[in-house]
Amino acid sequence: MITRKRLATGAGALLVALSAALLPTSAVADEPAAKESPKVELVLDVSGSMRAKDIDGTSRMTAAKQAFNEVLDAVPEEVRLGIRTLGADYPGQDRKQGCKDTRQLYPVGPLDRTEAKTAVATLAPTGWTPIGPALLGAADDLGEDGATKRIVLITDGEDTCAPLDPCQVAREIAAKGIHLVIDTLGLVPDAKTRQQLTCIAEATGGTYTSIHRTDELSRRVRQLVDRAADPVVTPVATNGAARCTDAPQLKPGLYTDRETFGEHRWYRVDLLPGQELRASVSISADRAVNEDYGVLLRAVTLHGREIVRGSEAGDGRTDVISTGLRYPKAEADDDSDGTKPAAETVCLQVSNSFSAPPSVKTTPGMPIELTVDVVDGPSSASDIASFGLGRGWWLLGALVLVGFLAGLLWGWLSRWRVAVWRTH
């Protein structure tokens, strides 16, 4: 009897195991869904105004093609990228027809760099500037799945197809809740273009950048494509202080603040021995400002001694100015009682030298974006910031040695010449 029960129990267990093995994998409900690859669509203005030759002595179209080639070479493997044009096909004067002139040049998906470059190379400045229809088309191209989605709009002028207001189109896209961000780049923009592109970007939580050089365009588009591949970081609002002792304590992350013209703001970061502080700051000129300005980021001790600084100057041709710094803190031995060395408080000072015309309001302050990261310090002494020159010490040492030997040789020759002169 007991044997029969054991056989029945074993047969039942075997049947359950076989059933579980034969069930489809979809029956396992607790497994997390695979993460969607990020999607980016570059929307390029190919209207007639792109013929203007005011970017590095070449046409705006030439600058855009060159930047696209560099960007396509650097697209991360995980990003599915597409390209859409506006104003590329219809050269006529029929407004109704010109405002339909937008098409997908390269489908959103795994990138074939050669094919995408070939498609961009065929473009020539042609027609109208239907920004609104192009944004709607790009949103459809990207779909409504759970992937991170980004549109990067590159144009040199206002939309020419009102009353389909592109800013309102951007608001409608944002209202769909499909997690789509629109970044805008204006090529040598005038005031109206800047205002419209800023509105489009702000409607979806994107950014606006004015472009006057080819390298600026290439660098900014690469940054935006890379940002789509990175996890989304939500900035944390903070308030810097007028002095370090009152400054907020920051942990690694992204922070936002506002700074008035010519103001100094302070923040604090704790750094352990063997760690490296990496910090960067960007200030947006969100209103008309005078030319010739700069931004300064300093790392200072609690006693006021400067450790390292980063600075950048502007000339009124860009809307965002950024700088950064690195400070690796050397390893320290444990104290005699075995306790670990204490952290050092590093004071970060953000300053600017912006000024505004009399008609421009100086309040509220300009937006600041401050990035703080703390990583393991470099393993090689040549990378330590306190060495200053890094690997350049080898060159400096060689130059000192050569100078010393040259001095000895010159001194010997001088004494020999004097001795010869005396003998004659």
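Visitor: Which cysteine does C99 join in a disulfide?
Guide: C161, with an S to S distance of 2.0 Å. A disulfide here is a pair of cysteine sulfur atoms within 2.5 Å. Before we go on: this is a predicted model, where local features need pLDDT of at least 70, side-chain atom pairs count only at pLDDT 80 or more, and totals for chains, interfaces and linings use all residues. Residues are numbered from 1 along each chain as its sequence is written, and side-chain values use heavy atoms, leaving out hydrogens and water.

Visitor: Where do C99 and C161 sit?
Guide: C99 is in the loop between α3 (95-98) and β3, and C161 is in the loop between β4 and α6 (166-175). Helices (H or I, at least four residues) and strands (E, at least two) are DSSP runs, numbered from the N terminus.

Visitor: Is C99 buried or exposed?
Guide: Buried, at 15% relative accessibility. C161 is buried too, at 6%. The cut-offs are under 20% relative accessible area for buried, over 50% for exposed, and partly exposed in between (1.4 Å probe, protein chains only).

Visitor: How many disulfides turn up in the whole structure?
Guide: Three. C167 joins C199 at 1.7 Å S to S. C167 lies in helix α6 and C199 in helix α7 (residues 191-203), so this pair ties together parts 32 residues apart in sequence. C167 is buried at 4%, while C199 is partly exposed at 22%.

Visitor: And what does C244 join?
Guide: C347, at 1.9 Å S to S. C244 is in the loop between β7 (236-237) and β8 (253-259), and C347 is in strand β14 (residues 344-352), so parts 103 residues apart in sequence are tied together. C347 is buried, with a relative accessible area of 1%.

Visitor: Why is the C244 and C347 disulfide called left-handed?
Guide: Because the torsion about its S-S bond is about -75°.

Visitor: Switching to the fold. How many helices and strands?
Guide: Nine helices and 15 strands. Of the 424 residues, 41% are buried.

Visitor: Which residues touch the most other members of the largest nonpolar core?
Guide: L44, L81, I154, L217 and V225, in a core of 35 residues. A nonpolar core is a set of buried Ala, Val, Leu, Ile, Met, Phe, Trp, Tyr and Cys residues joined through side-chain atoms within 4.5 Å. The largest share, seven residues, comes from α2.

Visitor: What does L81 contact?
Guide: Leaving aside neighbours within four places in sequence, its contacts (heavy atoms within 4.5 Å) include V40, L72, Y106 and V225. There is also a second, separate core of 28 residues, with L271, V289, V295 and I321 among them.

Visitor: Now the outside. Which residues form a nonpolar patch on the surface?
Guide: L409, W410, W412, L413 and W416, with about 620 Å² of accessible area together. Accessible areas come from the Shrake-Rupley method with a 1.4 Å probe; for residues, only the protein chains shown count as cover.

Visitor: Where is W416?
Guide: In helix α9 (residues 392-423). W416 is partly exposed, at 49%.

Technical notes:
Patch = residues over 30% accessible without salt bridge, like charges linked within 9 Å, V, L, I, M, F, W, Y side chains within 5 Å. Salt bridge = Lys/Arg side-chain N within 4 Å of Asp/Glu carboxyl O.
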